[in-house]
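Subject: Structure handover

Hello,

Here is the structure I promised to pass on. My notes on its core and its aromatic rings follow below.

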Amino acid sequence: MHPSRVAILLALAVLGPSCRLRRSRQHRPPALASSGRWSASLAASEALRVIDGHYLVDGVRRTDTASSAPPFPARPLVSAARVPDGWRFAAADGTLYAAREFLAPLRVLAAVPESARPASEGLARGAVRGVFHEGALAFLDHTGRAWTLDGSTPRALPLERVLSVVFTSPLRALAVTAPGVLHRSDDGGRRFSEVPLPDGDLATVVGLARGAAVIESYRGRYSISDDGALSPRDDAPSLESFVRAGELPPTADASAPLLLPADPSRVAALPDGSLALVEGDVVRVIDPRSRRELRRMATPGQGCVIAGAHGSFRLVCTHEGWAGAVFAPTAAGTWTVLRDELRAEPMGDIVFDDRSEAWVVAAPCAQQPVRDPAAFCVHHADGASRTVHAPFPAQPVDMRGGAALLVETRDSGPHARAVILRGEAMTPVTLPVGTAEARGLRWAGGALAVWGHSAEGRLVLHRGAIGPSDAVRWSAHEAPAGARRGIHGAGAVAYALGRGAEALWQYRPDAGFARMPGPVRGDPSALSLDPEALSYCAGPVCRLAGVLEWTAGASGSPWFVTRPDAAPAAPRPWVAPLQRPEERARFECESGETLGVGPELDHGIAVSGYALHWQPESDGVTVRWNGESLSQVTRGRLPPTAERVTFSGYAPVGATTPMALLDRCVGVRCETFLATAPGLQPFPLEHFALPYRRDMLLTEGGAFLALSRGVSHGATVAQAVVYDVARGQVVARRTVVSDAPPEFIQPGSLDGRDGLWLPTSPRRWRFLPLSGEASAEETVEDDGTLAPCPRGVASRGVLRRIDRNSDLRGAGWAPVVGEWQVEEILEVTARGLCVRSIAGGESRDESTFEHRGGVDPVRSFSLTSDGAGRLSGVAWQGRRRFAMSCARVEARRTLPR
């Protein structure tokens, strides 16, 4: 049994549905809570090299010998500049700082209206946006504007859609704007002029490397002279700025790692005030205030979790490869086995007593043929054990002074049930919260405590005074406005947390809720607390919101600095689709009548009613199209090569004449060939670094658009080629540079022009015609419905989504992400976008796929809007052809507009 099944319940609160209870009133204004020391973990796994010997690690500035001291910026630093009177820095929340030296204390200068873009977000791995500048600070905000500083006043540069910017001196600046245009300024960024690259090349990123300006393009690197002349420099240093934390020179890092681990089952508070932590195969006992190690022991098994117990702690570990066992340490430094799954019933949740050797486990004492969810084994302090049965399926949550708390596991409405198990007596307790919150029930300073919500949605701490015969009398203590989650501390202390560092309170029964000393110098609301991060306490130490740690009874200064007028920290803005999923529509699909028998599609990649299959041969390749709309075989000779090659293929959805693209690759070097009925011929489509994607889409008049997307020199590059099959020639071509990930650049058309669609926000798309005329670019906004197109809708064009399509679901046939080639045609209308059709099939070759269970999978489908709110069409399964119909269900709104 893996120890995850014997999870030890620690002091955690689970907040759930609201409940209606009377409230206790506080008759005194909230005071400041007792003193404590803040610490935080800011250092990320990777650092950004500013210049040699200078690094940014989240909010920490480091050199080869030292680190900056707190207070740190509330958000990571994204840009740094060396200026005549010291240094300037920009943080991700848009705050600008000054310092006399690189490691000197920060002084708030100003702020920009929008948050700043992280140095690498939206760019390829290894590329950065101007981490280091000479003479003037520059950075980008999340809207694509570039900013600099005039003294202490931010100034926006006169550019739009900026991908990268760098200052090489107080007056000289370089910038790249989409779709790959290089700009130069000699007056501090007040005016810019375009700098053409040779042979139609496009810039991707600019920066400083070894003191010199470097322009990276999708074809190579350039240096630039004082008069603006470019020179190809393949030997120029890379703008790679990432440094793994382990590669940094050893130094005392001021942002010390948190004492408590992220997993609360790896730490236990001991009666003497120390903490025991499981770290790998070692248990370390630590003084939490001095952080000095007191002793250590090797664990008796693997994957151990820990809990405090009378006078010491207990471990639950895996041994013998699978079985869980409970271990207790001895005075001699060895281990005693208290229970072993090799010899007893598999264990559930466990709680240990703080005043005796007794403990309770969710399992009967002896193995049983059928698991009873209401059975518990009580292990007494004298070593005896007996099985008891709760009145309902339950789990143990806490144990104090010989009494155990058992909480029901089945939902019983707004008032969950529990029992106090004391000796052989079970006393029923009705809780003021539902089952979800009831798992957070704890003994707290001689009373029961559980977090819940009032009918109005306010956070409430419920405390239960235990009287004679274990009768419980509840009182409700409403947390201050803004509190959103609560945790239990040591004894009767509790903590309430909000969204920002201004919303931190400590609760004591004799004083109620009191605001905690803030970890921020400046406006604490600017330091956001992650609502999803786990918060818990172990003894006097509490880990809050994942990054903060509070040690009660100690002393220390604020850990962060923000500007006094900082706006409350908001959720991170949408910067590039790479970071968050795009909104997707959902369709529920069902199969209809069988329409007949069609060709077998299980040899090759299925597309939309036909399959494409290729067979490499010694001097060429044979290509087959097989299906209802296509049936053709062609053979072509390829240039011979002695190297080992691999092939991949692409075919357009809805084709009625044979056409396909084949890639022949040697490692990462690829060449593309066009396969048609007459044979094979080289096709002029560039290949970019992984991850790449190429697709083939039908356009008007018997032509097709081939799209190649990938990464080159630090940015996404996409190339679209329109090819007229009848005339055998390229009729349009365009290459663009973007900071959107490759899979978000889509082909399509607008007002009769073929082009590319690039996302600029979750519901806005910019159309770039292949003609390349900037004046012809246009932005279209989606209304967010993505419903099937109604009858008679006026169309301006289409957006062909090949990735991140609508979510299709249907019993036994739903497309599997990564295994389907799906094309979704979105109609561009006056209102936005609607779904005209969805078609595709399995992209893997079924000739090498082993069917399971003797059932042929659905290989392909083609669905079109019926004008009445549904998608209707045909699906193919083996040789069976049957009707399919899909209705749209609730939209998945994952992002604010």
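Which residues have the most contacts inside the largest nonpolar core? That core has 44 residues, and those with the most contacts inside it are Val50, Leu56, Trp87, Phe89, Leu182, Ile215 and Leu230. A nonpolar core here is a set of buried Ala, Val, Leu, Ile, Met, Phe, Trp, Tyr and Cys residues joined through side-chain atoms within 4.5 Å; buried means under 20% relative accessible area, with a 1.4 Å probe and protein chains only. A second, separate core has 27 residues, including Leu42, Ala74, Leu548 and Trp550.

This is a predicted model, in which local features need pLDDT of at least 70 and side-chain atom pairs pLDDT 80 or more, while totals for chains, interfaces and linings use all residues. Residues are numbered from 1 along each chain as its sequence is written, and side-chain values use heavy atoms, without hydrogens and water.

There are 15 aromatic pairs (ring centres of Phe, Tyr or Trp, the last by its six-membered ring, within 6.5 Å; planes under 30 degrees apart are stacked, over 60 edge-to-face, the rest tilted). Phe72 and Trp559 make an edge-to-face pair, 6.0 Å centre to centre with 65° between the planes. These two residues are 487 residues apart in the chain, and both are buried. The planes of Phe704 and Tyr723 are at 35°, so this pair is tilted; the ring centres are 5.6 Å apart. Both Phe704 and Tyr723 are buried.

Ring pairs also join Trp87, Phe89, Phe102 and Phe132 into a cluster.

Regards

Notes. Buried < 20%, exposed > 50% of the residue type's maximum accessible area, 1.4 Å probe, protein only. Helix = DSSP H or I, 4+ residues; strand = E, 2+ residues; numbered from the N terminus.
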